[in-house]
Amino acid sequence: MIIDCHVHVWELPPIAPVGPTAPSWTAVTEEAGPTGLLVEDMDENGVDAAVLVQSSGSTWDNTYVAESTNSDRSRFRSIGLVDPMDPQNASVAARWMDEFGVSGFRFHPDYYPDDVVLDPVRNGAMFRAIEERGGIVKVHNRVGNVGQMARVVPIYPEITWIIDHMMYPEPWMAGDGWTAYLPVLELARFPNVVMTISDVHNRSAESYPFGDMHGVVMMAIDAFGIERCIWGTGYPGYLREKNGWISLAEELRLVRQGFDWLTEEERGKLLGENAKRIYGF
């Protein structure tokens, strides 16, 4: 089973609202990236299922990704957004999970340079609500903010915490043995943390198969173990390449052929078997 664990889908008004979800978010969505486009892309490339992730430019209203998921739960799961600054976010999170079937939520610490969004004091009730429901928290930030995750993860051991896009290792970090990236790998000591192997091409300074990133991908898989690594991409259909990403076919080729040190069993776990377990497909 092949499962893409990270795809943004969105619509425009009047189908779904658009607008910022963080003080530093200024991008305005002008072109829809509908679920139907993703389905065509998946079908053409043999991808069985996907996790639909609310776009940061689609407001806090997760209805579109939730309803897309609920239209075919054999094929989709959804990750929403909830405002980390909202004092009522515990009840908001519970509602999205209970009434809409959202699997969890994504947070962006880097988008709040003056705040700690993974603060267990401010947002403890919200994290408890997610934990009580066996939920997932995806964390999207760069290496400099790894400390927020390191502090909160052990407090909520029943949440599955997912590192998005490997937390953006950069090739320059290889110069001293990836020392700057080691705090991310240290999160592997927590058994409830999962690593997403994704966005390798955008970090690389090389063409396919992006060899300057292979070392850190190997380190991440070694640290977390293949059972706690999942695969994801980014956008649906033609919007992948339009936004500077590689096609879904190339994403799959990278894992199947470019990562030539993986065994067939390891590829199967990375491309879907682990996600099947984590997301309950």
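Which helix does K269 lie in? Select K269 and you land in helix α11. Before going further, note that this is a predicted model, where local features need pLDDT of at least 70, side-chain atom pairs count only at pLDDT 80 or more, and totals for chains, interfaces and linings use all residues. Residues are numbered from 1 along each chain as its sequence is written, and side-chain values use heavy atoms, with hydrogens and water left out. Helices (H or I, at least four residues) and strands (E, at least two) are DSSP runs, numbered from the N terminus.

**Stop 1: around K269**

Setting aside neighbours within four places in sequence, K269 has contacts (heavy atoms within 4.5 Å) with I226, E227, C229 and N274.

**Stop 2: α10 and its partners**

Now show α11 (residues 264-279) together with α10, which pack at about 155° with axes 10 Å apart. Axes here are lines fitted to C-alpha atoms, for helices over the stretch in contact, and angles run from 0 to 180 degrees between N-to-C directions. The pair is therefore roughly antiparallel; angles under 35 degrees count as roughly parallel, over 145 as roughly antiparallel, 65 to 115 as roughly perpendicular and the rest as oblique. Pick out L252, V255 and R256 of α10 against R267, L270 and L271 of α11 to see the contact. By class, the contact of α10 with α11 has four nonpolar, no polar and two charged residues (Ala, Val, Leu, Ile, Met, Phe, Trp, Tyr, Cys and Pro count as nonpolar, Asp, Glu, Lys and Arg as charged, and the others, Gly among them, as polar).

Next, bring in α1 (residues 35-45), which packs on α10 (residues 248-258) at about 45°, axes 10 Å apart. These two helices are therefore oblique to each other. D41, M42 and N45 of α1 touch L248, A249 and L252 of α10, giving four nonpolar, one polar and one charged residues in the contact of α1 with α10.

**Stop 3: α3 and α4**

Hide those and show α3 (residues 89-100) with α4 (residues 124-132): the angle is about 20° and the axes are 7 Å apart. That makes α3 roughly parallel to α4. Colour N89, A90, A93 and M97 in α3, then A125, M126, A129 and I130 in α4, to see where they meet. This contact divides into seven nonpolar, one polar and no charged residues.

**Stop 4: the largest pocket**

Select H8, W25, S55, Y235 and N243, which lie nearest the centre of the largest pocket among its 27 lining residues. The largest pocket holds about 560 Å³ of space. By class, its lining has nine nonpolar, 11 polar and seven charged residues.

For the record, on a 1 Å grid over the protein atoms alone, a pocket is an open set of points where a 1.4 Å probe fits, with protein on both sides within 12 Å along at least five of seven lines; lining residues have an atom within 4 Å of a point. Grid points are joined across faces, edges and corners, and the volume is the space filled by probe spheres set on the points.

**Stop 5**

Most residues other than glycine have a negative phi, and most peptide bonds are trans. Zoom to P13 and P14, joined by a cis peptide bond with omega about 5°; P14 is in the loop between β1 and α1. Then try Y208 to P209, also cis, with omega near 10°. Finish at T59, where phi is near 65°, a positive value in a residue other than glycine.
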